[in-house]
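Please take a moment to look over the structure shown here before reading on. The briefing below is meant for someone meeting it for the first time.

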Amino acid sequence: MKDDVFIVGDEAITPLGLGSQLNFRHVVDGHTAVTEISDLQLADQPIYAARIDEAHWVGNIKDEHRYTRLEKLFILVLASLIAEYEIPLDERTLVVLATTKGNVSLLHNPLRTFAEERVHISTMTNEIQRYFGFKSQIIPLSNACISGSLAISVARRLLQYDTRYKRAIVIGGDELSKFIVSGFHAFQALADGHCRPFDRDRKGLNLGEAVAAVYLSKIPTNDAVWIAGVGSHNDANHISGPSRTGEGLYQSIQEAMQEAGEPALDFISAHGTATSYNDEMEAIALQRSGLSTTPLHSLKAYYGHTLGASGLLETILGIHSLKNNRLIPSRGFMHQGTSQRLNMITKSTQLPLNSFLKTASGFGGCNIATIFQKV
Amino acid sequence: MEKHQYHIQSYCRIRGCAIQINGKPFFNLVPSVPIGDFLKSAYRHLNIDYPKFHKMDGLCKAIFIAVELMALESGPYQRDTALIFSNRSSSHLSDSRHATGIFDTINPVASPSTFVYTLPNIAMGEISIRHQLQSENVFFIFDSYLPEFLVPFTASMLEDGKAGSVLCGWTEITAETCDLLLYHVGISTGPLHNVEQLKRLYNEEDE
């Protein structure tokens with residue numbers, strides 16, 4: 001028998017603040033971090049995006065000047081998580097780090113103040129490793145927009161099969177940069193206002209930034225959440241467009257449901273980027289999975305697309321939704337906008353919640369589905 | 001917890017301007033040839049027609065060639081062949097091209113066809129399309145080739161029953177270096193899948 005793995009702690013920093021409980025309160029109150037930003041260091045034109053205000057977190061980090069902006073965010077979240085849950089930093093603690101682009105903002109940037117070598121994800125990770133003195137080597141992965149969710153799955157599998165590890169920290173993060181903004185702009189994927197996931201009038205995504213972390217253990221606590229099932233499948237269809245049949249996501253959901261023992265799902269935290277193709281693909285995959293009537297939200301209109309952090313951040317908010325027995329509404333949705341109907345959550349209803357499905361999809365045709373259940 | 005013994009069903013190494021499949025030379029050019037030209041020549045030597053190859057960046061091209069050669073030895077790959085790749089520089093070749101474009105002082109430009117390759121897992125997407133693999137993909141970033149991590153992780157994926165076999169390895173491709181070792185792990189015959197063996201295959205001297 002494989003050991004069960006549980007999420008026993010979480011932490012996040014977003015433009016709405018530091019603290020996962022605080023972030024949950026903000027989203028149920030309907031607050032969004034997305035706003036119009038005019039900054040020539042990000043884009044030549046104003047964009048709708050969500051950015052963390054640096055001024056709030058200076059002073060908490062030792063030798064702060066030695067770290068890049070993103071490294072400071074990683075350090076801040078890790079320090080908070082480790083302190084709150086008294087996590088030992090010995091060789092029994094696995095650390096998995098997810099990021100799509102790490103310190104890429106430094107690359108060829110005439111305004112950079114760090115050596116360009118720091119652009120390498122492993123170099124960044126080594127700085128974080130040294131700061132905390134973790135005994136086991138941090139394992140970084142970079143798998144497009146499923147990175148955060150995939151890192152949970154990787155850590156879970158290592159806890160199940162590798163007897164060296166007893167517990168794991170899984171952390172994911174990405175920051176806004178000209179590199180990212182210019183690329184999504186070139187793809188014509190950016191909305192010219194607040195994004196509207198699954199809505200008829202959706203016109204693209206907003207970009208955001210966050211760092212989010214979970215603490216995994218084989219020993220459940222009273223309010224632990226069980227990682228009941230995971231499935232991850234590639235579409236094998238197109239490198240930059242989702243499958244028209246939602247095949248990879250459909251297979252991912254099937255596998256996760258099977259592993260979890262086909263539980264009744266109380267809600268779905270979808271990827272829901274608010275691009276035309278992504279949301280349509282998800283609606284098809286969910287319809288094929290028989291989940292069209294399960295209450296569903298996308299959290300992208302609160303935070304924008306936080307790339308490598310999104311799977312983790314949205315999982316954490318889903319967990320707080322379970323613990324508080326309160327659904328989070330899908331901000332930005334007004335009119336049915338996909339060929340297959342979905343049961344969009346429009347009100348922050350209080351009701352008993354036991355399990356949810358988190359999905360994510362990304363460039364390269366990758367997809368992942370994870371099922372979380374209260375213990 | 002490892003219950004089964006797995007085997008390296010085939011392996012491919014590309015280093016400098018030399019390609020070996022299962023330890024035997026397949027193609028090589030003098031080391032001074034630029035990597036782009038070398039990969040294009042190697043593709044011609046494969047004698048296949050796959051126009052998408054020419055759109056790929058260097059990372060994808062090198063991986064494509066290696067996976068193509070291994071398919072001749074231990075393929076065709078089943079749909080549940082998982083991909084576990086790793087390198088140090090992620091998608092640095094395309095990252096650098098995209099960043100050069102956007103910070104150009106005279107004519108800043110961002111191209112979608114470059115930007116799409118600024119993720120290392122795109123190479124796994126390309127391989128999945130070519131060989132119709134609808135499997136799990138993970139791209140790890142390490143300082144150097146790390147069989148001590150890859151071997152137990154690959155074994156756990158096979159033990160988990162989520163994959164029938166795994167294409168795995170190290171794929172470090174930059175403007176200056178080409179250092180790739182990919183191998184196909186499964187239950188068929190071949191050298192044993194363990195850390196010592198994989199260190200040996202990586203360090204093997206050219207014939």
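Predicted model: local features only at pLDDT ≥ 70, side-chain atom pairs only at ≥ 80, totals over all residues.

**Domains of chain A**
- The domain assignment divides chain A into domain 1 (6-201 + 205-217) and domain 2 (227-374), and their C-alpha centres lie 20 Å apart.
- In the contact between them, domain 1 of chain A takes part with 58 residues and domain 2 of chain A with 62 residues.

**The interface between the domains**
- About 4,700 Å² is buried between domain 1 and domain 2 of chain A, with carbon and sulfur atoms giving 69% of that area.
- The rule finds 20 residue pairs in polar contact across this interface, and the count of salt bridges between the two domains is 1.
- On the side of domain 1 of chain A that touches domain 2 of chain A, at least two residues each come from β1 (6-14), α1 (20-28), α4 (147-161), β7 (167-174), α5 (178-186) and β8 (210-217), while α4(A) gives the most, with 7 residues.

**Nonpolar cores**
- The largest nonpolar core has 131 residues, and those with the most contacts inside it are Leu216(A), Phe140(B) and Tyr183(B).
- Leaving aside neighbours within four places in sequence, Leu216(A) is in contact with residues including Val5(A), Ile152(A), Leu159(A), Val170(A) and Ile227(A).
- Another core, of 31 residues, lies apart from the largest one and has Leu73(A), Leu81(A), Val95(A) and Ala213(A) among its members.

Definitions and conventions:
Residues numbered from 1 in each chain as written. Chains lettered and ligands numbered in written order. Heavy atoms only, no water. Core = buried A, V, L, I, M, F, W, Y, C linked by side-chain atoms within 4.5 Å. Buried < 20%, exposed > 50% of the residue type's maximum accessible area, 1.4 Å probe, protein only. Contact = heavy atoms within 4.5 Å. Domains from an automatic or database assignment. Buried area = accessible area lost by both parts, 1.4 Å probe. Salt bridge = Lys/Arg side-chain N within 4 Å of Asp/Glu carboxyl O. Polar contact = N/O pair within 3.5 Å; in protein donor to acceptor, adjacent residues only side chain to side chain. Helix = DSSP H or I, 4+ residues; strand = E, 2+ residues; numbered from the N terminus.
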